Amino acid sequence: MVSTRTLEHSLDTNRKRTSDLRTALLFIAPAAIGFVVFYLVPAVRGVYFSFTRYNILGTPTWIGTENFEKIAVDPLFWNAMWVTVGYVLLNIGFQTVIAIVLAVMMQRLTKSIALRGALLLPWLISNVIAAMLWFWLLDYQIGLFNQVIEWMGASKIAFFADETWAIPTIAFVNVWRHMGYTALLVFAGLQTIPKYIYEAASIDGASEWTSFWKMTLPLLRPVLAMILVITVTGSFQVFDTVAVTTRGGPVNVTRVMQYYIYQKAFGEGQFGYGSALAVILFIILAVLAAIQLRMLRAGESDLA
Amino acid sequence: MATFNFRKAGTALAAVTALSLTLTACGGESEPAATNGGDGEAVDTSAASGQIDYWLWDNNQKPAYEQCAADFQEETGVSVTITQYAWDDYWSGITNGFVAGTAPDVFTNHLSRYPEFVTQGQLMALDATLEADGVDVDGYQEGLADLWVGQDGLRYGLPKDFDTVAIFYNKALIEEAGVDEADLAALEWNPEDGGTYEEMIAHLTIDNNGVRGDEPGFDKTKVAVYGLGLDGGSGGGNGQTQWSMYSGTTGWTVTDKNPWGTKYNYDAAEFKDTISWMASLAEKGYMPTVEAVTGQSSGDIFGAGKYAMITNGSWMINQMFGYTGIETGLAPTPVGPSGERASMYNGLADSVWAGSDNKAAAVKWVEYLGSAACQDIVGEAGVVFPAIPSATEKAQAAFADRGIDVEPFLVHVNEGTTFLFPITDYASQINGIMQPAVDAVFTGQADVDSLDAANEQVNALFNG
Amino acid sequence: MANHADTSTDAPVRKRKKMSAGRILAWAVMIAFLILSLFPFYWMLRTALSTSRSLSSDPSSLLPVDFTFGAFERVLGLATQEEAIAEGGSGASVNFWLYLRNSVIYAGAVTLGQVFFSAMAAYAFARLRWPGRNLVFGIFLGALLVPPIFTSLPNFLLIKNLGLLNTFPGMILPTFLMTPFAIFFLRQFFLGINREIEESASLDGAGPWRTFFKIILPMSTAPITTLGILTFITTWNDYFWPLLVGNSEGTKVLTVALGVFRSQTPAGSPDWAGLMAATLVAAVPVLILFFMFARKIIDSIGYSGSK
């Protein structure tokens with residue numbers, strides 16, 4: 001890897017140093033229009049609403065930072081924050097590890113497309129259906145899993161609503177749905193690693209285990225960085241699974257941030273307050289993404 | 001050169017931004033057209049024509065309303081396009097429609113939503129037009145029409161149907177317990193020891209070893225059949241199908257007056273006693289805990305034979321009687337300390353959107369929906385109870401044809417033991433406060449006196 | 001592999017033996033995950049072949065309860081409304097083939113546009129040198145973090161004001177030009193392409209357009225196909241946006257149309273058999289698509305330039 005990097009360096013010095021700005025602008029123009037119209041403008045409007053009292057139907061009234069001051073002392077906000085963080089940690093931890101394991105196995109163990117397809121299957125159904133299906137399978141009274149638990153003589157578990165089980169259960173459902181998908185992303189990343197590197201490693205007598213840690217993982221870094229950023233931001237936005245099952249309850253056990261935002265903005269007609277919550281979430285996610293990208297040096301590749 | 005290009009690109013970007021901002025802004029905050037009918041002014045429905053949109057959420061009722069629409073078109077020439085959305089999508093669709101100016105001309109409205117729609121100026125006041133057309137609003141089941149009069153004294157909907165609460169029971173489980181079905185109609189309840197009602201619930205409960213809840217050795221941690229089911233949660237601030245039929249017999253009222261109360265009574269002893277009693281049932285293993293039922297649709301659990309009895313609303317009749325292998329019966333809710341039964345009384349209505357561009361046809365359609373001609377058709381379909389008494393009877397007959405005696409629901413209407421669904425401002429915010437608060441008492445995470453603080457929070461909403 | 005373990009006892013073979021134990025473990029893990037993935041689908045199939053109203057009577061039966069194809073008939077629009085309601089479901093007038101066509105148009109158009117335009121942008125972010133590149137990329141990436149509550153309503157208004165409600169362009173537009181994920185995904189892969197090839201093309205006098213079309217795109221078949229499949233599936237499963245913007249008969253997509261099998265009333269039960277049948281049927285086209293293109297994802301390793 002060191003050698004390829006120095007190679008790139010030498011190539012760099014040969015390169016014509018003129019800027020590609022004009023070309024680059026042409027290349028990003030269509031995407032830029034999509035970005036500005038469908039993301040930036042709505043986001044800017046949202047930020048504006050976060051400084052207002054507004055219920056979607058009326059006219060927004062400017063109230064400065066009042067929403068943010070209220071949020072700072074809103075126990076439900078802090079509750080939602082901790083519930084969400086707990087969910088994200090569980091979800092990301094399991095999903096990432098499982099995805100890497102599956103992807104490596106997809107590559108090293110078998111070339112069967114049917115098998116890859118089977119692992120991707122959960123991702124082909126929507127969040128809502130996945131949640132409903134598992135909610136049913138895990139139901140306290142008629143769910144298959146609790147029947148099995150009872151046959152084994154243990155006490156049934158209220159998976160989706162028990163204080164200890166609820167968040168792990170919701171995390172499980174989403175890991176189930178996304179593991180094949182994330183594995184496919186990792187797998188696509190594995191495909192970018194040239195064969196000669198593995199060949200070289202096996203000639204050097206490196207075991208599969210060492211070559212994974214010493215070669216595969218470092219070379220996967222740009223793709224892994226992307227996957228982490230995507231899955232972390234994605235899982236902070238968990239909503240559907242809660243909305244079709246427990247709706248935040250019982251008490252506040254499953255009131256994740258997006259659900260709380262939705263409840264405030266649409267359910268309770270406090271769009272300004274909901275927007276302020278969303279702005280805070282946005283800032284947290286932006287900081288997290290920046291840290292992740294920096295730590296994983298996502299902009300560089302060890303290869304080229 | 002680089003900077004020059006960059007600036008040019010920046011200008012282009014700014015132009016696009018400005019364009020999309022204006023596009024979003026215009027029509028964004030669409031003001032309800034106040035041309036006519038704005039402040040209860042009459043519209044002339046005699047020349048109604050053209051096409052209107054109508055939304056509802058219950059697909060099972062769609063065939064009946066399609067029939068109404070066909071008859072209506074024959075009579076007036078107005079064509080009605082009916083669209084159905086499932087409950088959750090329905091309200092998102094209505095809200096988005098209000099904002100974007102694409103809401104339906106007429107839609108099925110719910111008591112928990114309409115006060116906010118009135119505040120936001122989205123509903124058309126119907127009084128003047130109804131009066132001009134000579135529509136009699138006294139022809140509905142008593143009290144239903146009053147539900148839809150706003151704080152400003154104006155009418156925002158015409159009743160279409162109503163619902164009450166009764167006990168659904170599993171005939172096989174009742175028989176197995178050696179209980180006569182007629183006994184279920186004679187139960188009495190009080191918040192201290194639950195009365196004969198709790199005795200019955202205990203007796204109907206069976207653990208995995210076949211031991212009944214009122215027998216020694218009953219294992220409350222392994223219950224096979226609960227004497228009483230629980231409908232999807234604690235019921236939050238109104239407990240319509242969970243506890244309102246008990247609290248309603250204690251003399252307690254949710255608010256100081258109804259509709260349009262401005263003070264809630266969640267700190268009253270009667271209410272707290274009722275909730276404590278409910279929590280005690282779960283604690284004794286006679287009723288599932290809130291954790292076990294959160295988010296569940298209770299019908300499927302009843303259909304699996306896990307509940308001997310469950311309180312639920314009349315809109316569930318067809319589902320509850322539809323399960324294969326379960327023989328379902330109906331009993332009225334128990335008599336409480338007041339010496340009477342009680343049931344929450346909830347009604348739906350059809351409302352006209354203030355932004356409709358065909359108000360004449362819209363009001364005409366609402367009038368037709370509220371007339372005996374259409375409600376009879378709805379009644380004959382035997383899905384819900386229409387608001388006009390003659391149509392209610394048709395529904396009762398339609399249910400009877402299928403062997404379902406719905407008297408336990410109608411007894412409340414006939415004997416005047418209904419009380420109205422609480423209608424106040426801030427309904428959704430109040431639910432946001434009360435749902436977790438009542439949950440917490442049910443789950444044992446908080447003492448029942450914690451409801452005092454929740455009540456204060458609720459009442460603070462009304463004091464600015 | 002296990003079948004190579006013959007009688008000789010020298011070191012490399014012992015090493016292979018050790019690996020085969022690892023392989024058995026790996027297969028065991030793989031099979032466990034396969035079961036975890038597939039079992040719920042078996043459960044869906046078993047439910048879809050049951051009668052909705054009978055399901056509760058035997059909730060843990062591994063076989064269909066009261067076997068019937070009724071649910072599939074309802075999904076394919078072969079049952080009358082009366083029949084449907086009698087079986088505990090709803091879903092009259094499901095014009096299945098029309099909705100399938102609409103879904104294909106919607107997901108297909110979004111995929112084509114999004115992948116192409118995002119690839120262009122990703123190329124500019126990964127391979128071209130220009131001032132402010134990383135800053136602009138960072139801002140684009142920010143779109144990933146914009147909460148959906150900010151975007152759905154304004155975008156709905158915009159589409160309405162453009163007069164595009166209930167049209168395919170209106171449904172397609174917001175995701176046609178980019179999604180932050182697509183750009184991010186392709187940029188990361190483009191970063192990994194060996195520069196030598198690009199350099200030599202550039203020395204041969206190829207401009208950025210030619211480099212993009214003749215080198216970058218062909219060398220990135222694997223990630224582009226992967227992204228295409230992912231985009232197609234995501235769009236195929238879209239529910240809320242097409243419900244909002246394309247709810248007329250001519251533009252209604254499968255997910256929206258099959259929503260009738262979900263619970264209609266606030267506390268009611270869904271038509272479980274119908275819902276599961278609908279989910280399975282709607283997943284079949286994407287599954288076929290996956291198998292059509294899966295070979296491409298796997299076989300196009302060669303782009304690292306080291307064949």
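Predicted model: local features only at pLDDT ≥ 70, side-chain atom pairs only at ≥ 80, totals over all residues.
**View 1. Helix α9 packs with helix α17 in chain B.**
Helix α9 of chain B covers residues 269-284, and helix α17 of chain B covers residues 427-442. Two packed helices are described by the angle between their axes and the distance between the axes. For α9(B) and α17(B), the angle is about 50° and the axes are 8 Å apart. On the α9(B) side, the contact is made by B:Ile275, B:Met278, B:Ala279 and B:Ala282. On the α17(B) side, B:Val438, B:Val441 and B:Phe442 take part. The residues of this contact between α9(B) and α17(B) are 7 nonpolar, with no polar and no charged ones.

**View 2. Chain C contains helices and 0 strands.**
The helices of chain C number 15. Chain C has 307 residues, and 52% of them are buried. Among contacts in chain C with a separation of 6 or more, 69% are between residues 24 or more positions apart.

**View 3. Chain A is in contact with chain C.**
The contact involves 75 residues of chain A and 78 residues of chain C. Which helix gives the largest share of the side of chain A that touches chain C? Helix α2 of chain A, residues 21-49, gives that share, with 17 residues. By residue class, the side of chain A that touches chain C has 53 nonpolar, 15 polar and 7 charged residues.

Notes:
Residues numbered from 1 in each chain as written. Chains lettered and ligands numbered in written order. Axes fitted to C-alpha atoms, helices over the stretch in contact; angles between N-to-C directions. Helix = DSSP H or I, 4+ residues; strand = E, 2+ residues; numbered from the N terminus. Contact = placed C-beta atoms within 7 Å. Nonpolar A, V, L, I, M, F, W, Y, C, P; charged D, E, K, R; others polar. Buried ≥ 20, exposed ≤ 12 C-beta atoms within 10 Å, placed from the backbone.
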